[in-house]
Amino acid sequence: MSDTVNVSGSLRARLSLTLIGSAAAIAVLLFFVVRTYAAQIAQSGQDNILEASVTSILDAATLRDSGVEVDFPYVAFSMLNTEADDRVFYAIWQDETLLSGYELLPVADAPDGGDIVHVSAQFDGAAVRVATAARILVGANARNRVTVSVAQTQDALAGTLNKISRNVGLIGAGFFALSVLVASWATNTAIRPLERLTHSITRRGPKDLSPVARPVPSEMAPLVTSLNSFMARLDTSLKQSEDFIAEAAHRVRTPLATVRSHAEATLQRVEREDNRQALRSMVRAIDESSRAAGQLLDHAMITFRADHLETEPLDLVDLVEDLVTRLTPVAEMKDIALTVISGGKVSIEADSILLQNALSNLVENALKYAPEESEITLEVFDVPRPRVEVRDEGPGFPPDQMHELAARFSRGENAKDTIGSGLGLTIAQDVATAHGGELTLTNLSEGGACVTFLL
Amino acid sequence: MKFLLVEDNIELANAVSARLQIDGHVIDHADKIEDAMAFMQTGEYDLILLDIMLPDGDGRTFLKHHRSGKNDTPVIVLTARSQVSDRISLLDLGADDYMTKPFDHEELQARCRAVLRRNAGHAQSITELGGVSLDPVAGRLSIGARAVTLRNRELRLLELLINAPGQIFSKAKLADRLFSYDEDVSENAIEVYIGRLRKHLEPSELRITTLRGLGYRLDHE
C-alpha cells in the first residue's frame, strides 16, 4: 500500500515522557526538601550546643568589687569538640569592654534577659555560627552588662550535610530509575490493547468486515464502535455493489445467451452463405464481448486479492488434475488430449482460487492455439521450486514479441483469428508474482509453446 | 436425451430449447424452483440445466434440495456470474459442471457427454441404424461384434448424420457444427472426417454419399 498515515507524535512517547518527566521533577524536589530539612536539623543541633556553651559561660560570670569575673568551666568548650576539629572562638564583653577572647568576633545584639541569639557570619576566613547572650549583673553600686559570644566553624556540619546530600541524591536517582521502569511498563500496558486491536484488524482476510468482537478498554470503545459502524457501512455497500454487478451481469449475459442460442439454431436452418457469415460474426462478437467482460472482472478481482492472499495448504497436482477434468470437454471438441505428468504430491501454500484462475487461463490459451488432434501436457515439478509447465504443439510464441506478450491486452500477432482479450497471460503473471513466483514463456525446440508457472 | 431446463428468462429458455431440439433432444422447461421440483417428481431426466438466479430463490437452494433427495440426475449450472469464487461454491454444492452465459451449444453438449460419462450407467441413449449402434456418451461405435471408440469430431459428425438419415448436409453447415466459430476451417477438413467415417462404416450397411456442390448424405443400403 502506498498511502502513508499522517503521523503526529506518539502516544507511547507522550505517555513515557510525561511519566518520566514527572518522576524526574519529583526526584529533584525530594532531594532539595530532604536536604534543606536535614540542614535545618543539623544547624539546630549545633545551635543547641553553642547555646549550652554560652549559657554555661554566662552562668560563671560573677560581679566582684573589681568588676566582672568569669571563671568559665572547661566543659563550656569541650562540649564543642567535633570530629572535624572545628575551631571555637569566643568573646566576653563587659559593657563595651572586651574582657576576654576575640575582639573582632561578630556579635549580635542580644536582649538582656539571657535569651540567645544565633547568627551565621564570616570570621577568620571561615563560616562560623555565633551564639550570643547577654545578662545584667547588678552589684552594690554597679550595674554591668555582660555579653558572651561563642562561635564555631561549620566543617563538621558541612561534612554531615554532604553525606546526607549524597545519600539523598542516591535515593533520588534510585527513585528515578525505578520510575522509568514503572513508566515503560505502564506505557506498554496502556498501549497493548491498541496494538492487539491493530493486529486483529491487520490479520483479517480481504472480505472480513465483521465487527470487532475482542473486548477493549472503555476509552477505546468509542473508536471501536465507530470502526464497527464504518465497516458495517462498507460491508453493506460492498454487498450492494456485488449484488449490482451480479444483477448487471445477469441482465447483460442472459440476453446475449438468447441471441447466441438463436444465432446457432438459425445457422442450422439457413442456407445462403452471406446469411451464415452474418450469423457467424454475431456469435464471434458475442463471444468476444463476454470473454473480455469475464476476464476484466477476473483481473480486477485478482488485483484486489493479490494484496491479501488467502493462502491455504494444498496439493498442486490435485489442483491441476481438477482443472484438467474441468477443461477436458473443451479439449475434446478439438480432439486435443490433456495430459498431466507428475511425480506425486506437491504440497504448496497458495491461494487456490487465484491459482485455478491463472492455470486455467494458461490451458485455455494453449487450447486456442494448439492444432486439433494434438496433445497439451501439464507437467508438475516439486524441485527446486514448485512449478507447472504447460506445453502445447502449436505454432509457439512469435520470438520477437515474447517479452511483451504478458503485458496487458497485448496479443501475439499469430493470434489474429482466435478470440481472446489477451488478458489471460497477464492474469497468470499477476498471480505468479503475487505468490512470489514468475511466468516464463519459451518455445520448445521440437515446436510448440511452453509456459512455465513458477511459484 | 431428456433435459429439464430451469431458467426464468423465457426468451433464453425458448432459444436454448430450440437449439437442443435441433439435435433431437426433448426439453421440459420450468421457470421457477417450485415448478422444477414438480417436474422432478413426475418425470425422469438425463440431465438438468439450472439457472442460478431464479424468481423464487437461488438455484443453489434447488441444488441443495436436489442432492439431499438422493437424486443423482446430473446438474449443469448455467450462470451469468463469472466470478471464480462463485464457480467453486457451485461445484461444492453438488453441481456436476457449470457454464457461463452466453455459452457455446457444442461445448454444452460436450460437457453433457462428459458429465453423463462420469455418471456412467444412467443415460443409455444408443442410436441404432443399419446394423450400426452408436453410444454418443461413450463415443463408441459398434458394428456387429466389432467396436471402435470414435474421436470427438468423428462422433459429432456421425451423430449429426445418423440422427437425420437421408438429409443433405452442406460442407459449411457441417463445419459450423464441428469447428468453433473462431477457427479458420478449410472445407478440406470436413473431407478428412468424412473419409475417416466412411472407413469406420465400411463393414455396415450405412454409406455416406457425396452430392457434388450440395454436400453429404447418410444412406441406408
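## Contact between chains A and B, and the folds behind it

In this predicted model, the contact between the two chains draws 35 residues from chain B and 39 residues from chain A. On the side of chain B that touches chain A, the elements giving two or more residues are helix 1 (10-22), helix 4 (84-92), helix 5 (105-118), helix 6 (152-163) and helix 7 (171-178) of chain B. Helix 1 of chain B supplies the largest share of that side, with 7 residues. By residue class, the side of chain B that touches chain A comprises 15 nonpolar, 7 polar and 13 charged residues.

Chain A contains 9 helices and 14 strands. Of its 455 residues, 27% are buried. Among the contacts in chain A with a separation of 6 or more, 64% join residues 24 or more positions apart.

One sheet of chain A can be described in detail. It is an open sheet of 5 strands in the order 4-3-7-6-5, with antiparallel pairing. Strand 4 (97-101) and strand 5 (117-123) of chain A are the edge strands, each pairing on one side only. From one strand to the next, the twist averages 25°. Strand 3 (residues 88-94) of chain A pairs with strand 4 of chain A in the antiparallel sense, over 4 bridges. Within strand 4 of chain A, A:S100 is the residue that stands opposite A:I92. Helix 1 (residues 11-59) of chain A packs on this sheet, where it touches strand 3, strand 5, strand 6 and strand 7 of chain A. The direction of helix 1 of chain A makes about 35° with that of strand 6 of chain A.

| Strand of chain A | Residues |
|---|---|
| Strand 3 | 88-94 |
| Strand 4 | 97-101 |
| Strand 5 | 117-123 |
| Strand 6 | 126-138 |
| Strand 7 | 143-153 |

The nonpolar cores can be considered next. The largest nonpolar core has 44 residues, and those with the most contacts inside it are B:V6, B:L47, B:L49, B:L50 and B:I76. Leaving aside residues up to four places away in sequence, B:L50 touches B:V6, B:G59, B:F62, B:L63, B:V75, B:V77 and B:L78. A second, separate core of 40 residues includes A:I302, A:M333, A:L367 and A:A432.

Terms used: Residues numbered from 1 in each chain as written. Chains lettered and ligands numbered in written order. Predicted model: local features only at pLDDT ≥ 70, side-chain atom pairs only at ≥ 80, totals over all residues. Contact = placed C-beta atoms within 7 Å. Nonpolar A, V, L, I, M, F, W, Y, C, P; charged D, E, K, R; others polar. Buried ≥ 20, exposed ≤ 12 C-beta atoms within 10 Å, placed from the backbone. Core = buried A, V, L, I, M, F, W, Y, C linked by C-beta atoms within 7 Å. Pairing = 2+ DSSP bridges. Axes fitted to C-alpha atoms, helices over the stretch in contact; angles between N-to-C directions.
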